[in-house]
Amino acid sequence: MSLGENILDHYNQFLGDYIGADVYTNNDYEIQILGFPNAIKDCLVLTSFGISKYDSQGDCCEVILPVDDLYDECAEIFANSLFYALSNNMSIGRGLLIEGADSIIEGFSEKCGKTALYFTDVYVLPEEFAFVDNKCHIYMGFFVSKEESEYIKKYGSEQFEDLLEGKEVDVIDIKRKSIL
């Protein structure tokens with residue numbers, strides 16, 4: 001089986017069946033965003049499918065984005081954030097912060113108070129989900145507020161994640177209050 005087939009099998013094993021696959025393209029890249037409605041209660045888990053074929057940093061990866069509301073807007077921001085990272089040769093993984101959600105979906109921050117997408121290791125699913133055949137790392141994204149973005153830039157991802165853990169924050173709740 002190809003790596004793509006292995007990734008899809010991996011998603012199906014851990015997330016169940018997907019309900020849709022939307023293709024997103026820009027001038028240089030084409031990816032799919034798949035939606036899995038039954039993996040986490042009251043949540044749609046959006047997954048990238050296809051960024052692993054653009055492995056320019058030596059880091060084969062895909063990303064999940066679990067959200068509980070604003071699914072279409074979140075998918076659009078998710079895809080465009082991945083395009084931004086790929087186009088700028090950014091290493092997609094823990095600590096990556098992509099700001100500018102409102103430049104993709106006007107008024108997004110007014111709806112939910114979030115302005116950026118933050119990437120980290122997957123911790124809302126079993127540990128075995130994080131790797132596909134020891135070849136491809138699966139990361140997780142979630143939305144953060146402007147204040148949280150500033151905190152990440154000032155103090156780093158380790159301190160930010162410690163703060164989230166200490167306050168037992170539900171990062172899937174798109175409309176959660178900022179922790180700062």
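Hi everyone, let me start with a hairpin: four residues link β1 to β2. When I say strand, I mean a DSSP run of E with at least two residues, while a helix is a run of H or I with at least four, and both are numbered from the N terminus.

Before going on, a word on where this comes from. This is a predicted model, so local features need pLDDT of at least 70 and side-chain atom pairs count only at pLDDT 80 or more, while totals for chains, interfaces and linings use all residues. Residues are numbered from 1 along each chain as its sequence is written, and side-chain values use heavy atoms, with hydrogens and water left out.

Aspartate 22, for example, has isoleucine 33 in β2 as its bridge partner.

Asp22 turns up again in the second largest pocket, where Asp22, Gly35, Leu44, Leu46 and Asp72 are the nearest to the centre among 13 lining residues. A pocket here is an open set of points on a 1 Å grid over the protein atoms alone, where a 1.4 Å probe fits, with protein on both sides within 12 Å along at least five of seven lines; lining residues have an atom within 4 Å of a point. This pocket holds about 170 Å³, the volume being the space filled by probe spheres set on points joined across faces, edges and corners. Which strand gives the most to its lining? That is β1, with four residues. The lining has nine nonpolar, two polar and two charged residues, with Asp, Glu, Lys and Arg counted as charged, Ala, Val, Leu, Ile, Met, Phe, Trp, Tyr, Cys and Pro as nonpolar, and the others, Gly among them, as polar.

Now the largest pocket, at about 220 Å³. Closest to its centre, out of 13 lining residues, are Tyr123, Glu161, Asp162, Leu164 and Glu165. Helix α6 gives the most to this lining, with five residues. By class, seven of the lining residues are charged, five nonpolar and one polar.

Finally, the whole chain. It has six helices and eight strands. Its radius of gyration is 15 Å, close to the 16 Å that the globule rule gives for 180 residues, so the chain is as compact as a globular protein of that length. That radius is taken over C-alpha atoms, and the rule is 2.2 Å times the number of residues to the power 0.38.

Technical notes. Two strands pair if DSSP finds at least two bridges between them.
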